[in-house]
Amino acid sequence: MKVKTTFPKGDDLETIKQRDKICVYCSKKIYKPDKDVSRTKWATIEHFNHRSDWDSVGNYIREGKPVSEIVGMCCWSCNSSRSNKKIRVWFKTEYCLSRDINEKTVSKPVQEYIINVEDKE
């Protein structure tokens, strides 16, 4: 059963949007959702956490930690492809392999999340 996921708000969301002008995974330019822009390029909020039993944003907010460490902006295509897979598992999919998406090519926040959270699970 999937736990309710908290979305970043206010200053947390603004910090993430200011940092992530391109997809944190594929580095494609992302755009505010609009009928004149292909959905594949739409900016989406991406929770790096894959676990269904952990409301990571809610916990980070309660603990006073920066939500920007566990959330980023990515394109609709990457968000849809990743779904609820662990990031390292997702890197092994045809989607990532064909686009050269891997731990060396993703943004620094994703790399740090992998090292500081996912690798410790």
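Contact here means heavy atoms within 4.5 Å of each other. By that rule, and leaving aside neighbours within four places in sequence, Val110 is in contact with Val24, Tyr25, Phe48 and Ile87. What you're looking at is a predicted model, where local features need pLDDT of at least 70 and side-chain atom pairs count only at pLDDT 80 or more, while totals for chains, interfaces and linings use all residues. Residues are numbered from 1 along each chain as its sequence is written, and side-chain values use heavy atoms, with hydrogens and water left out.

**Confidence**

- The predictor gives each residue a confidence score, called pLDDT, that runs from 0 to 100.
- The protein averages 89 on that scale, and 92% of the residues score at least 70.
- Helices (H or I, at least four residues) and strands (E, at least two) are DSSP runs, numbered from the N terminus.
- Among these elements, H5 has the highest confidence, at a mean of 98, and H2 the lowest, at 78.
- Keep in mind that where pLDDT is low, the predicted coordinates should not be read in detail.

**The nonpolar core**

- A nonpolar core is a set of buried Ala, Val, Leu, Ile, Met, Phe, Trp, Tyr and Cys residues joined through side-chain atoms within 4.5 Å.
- "Buried" is under 20% relative accessible area, "exposed" is over 50%, and "partly exposed" is in between (1.4 Å probe, protein chains only).
- The largest core here has 27 residues, and those with the most contacts inside it are Tyr25, Cys78, Ile87, Trp90, Phe91, Ile101 and Val110.
- Two or more residues each come from helix H2 (56-63), strand E2 (71-75), helix H4 (87-91), helix H5 (94-99) and helix H6 (108-116).
- E2 supplies the largest share of this core, with 4 residues.
- As a general rule, nonpolar side chains tend to be buried together in soluble globular proteins.

**Aromatic rings**

- Rings of Phe, Tyr and Trp (its six-membered ring) pair if their centres lie within 6.5 Å; planes under 30 degrees apart count as stacked, over 60 as edge-to-face and the rest as tilted.
- The structure holds 4 aromatic pairs.
- One of them is tilted, because the rings of Phe48 and Tyr113 have their planes at 55 degrees, with centres 5.6 Å apart.
- Phe48 lies in the loop between strand E1 (43-47) and H2, and Tyr113 in helix H6, so this pair ties together parts that are 65 residues apart in sequence.
- Phe48 and Tyr113 are both buried.
- Elsewhere, ring pairs link Tyr25, Trp90, Phe91 and Tyr95 into a cluster.
- Tyr95 also has a charge over its ring: the charged end of Arg99 sits there, 3.8 Å from the ring centre. (That label needs NZ of Lys or CZ of Arg within 6 Å of the ring centre and within 35 degrees of the ring normal.)

**Cysteines**

- A disulfide is a pair of cysteine sulfur atoms within 2.5 Å, and the structure holds 0 of them.
- Cys23 is in no disulfide, and its nearest cysteine sulfur, that of Cys26, is 3.7 Å away.
- Cys23 counts as buried because its relative accessibility is 1%, whereas Cys26 is partly exposed, with a relative accessible area of 25%.
- Cys78 is found in helix H3 (residues 76-82), and it is buried, with a relative accessible area of 0%.
- Not counting residues up to four places away in sequence, Cys78 touches Cys23, Tyr25, Cys26, Trp90, Tyr95 and Ile101.

- Asp12 is found in helix H1 and is partly exposed, with a relative accessible area of 28%.
- Asp12 and Ser68 are 56 residues apart along the chain, and their C-alpha atoms are separated by 6.7 Å.
- With residues up to four places away in sequence not counted, Asp12 touches Ile61 and Val67.
- The buried residues of H2 are Ser56, Val57, Gly58 and Tyr60, and they pack against E1 and E2.
- H2 is followed by Gly64, which has a positive phi near 75 degrees.

**Two serines with positive phi**

- Ser27 sits in the loop between helix H1 (10-19) and E1, and its phi is near 70 degrees, a positive value in a residue other than glycine.
- Ser83 lies in the loop between H3 and H4, and has a positive phi of about 55 degrees although it is not a glycine.
- Ser27 is partly exposed, with a relative accessible area of 40%, and Ser83 is partly exposed too, at 47%.
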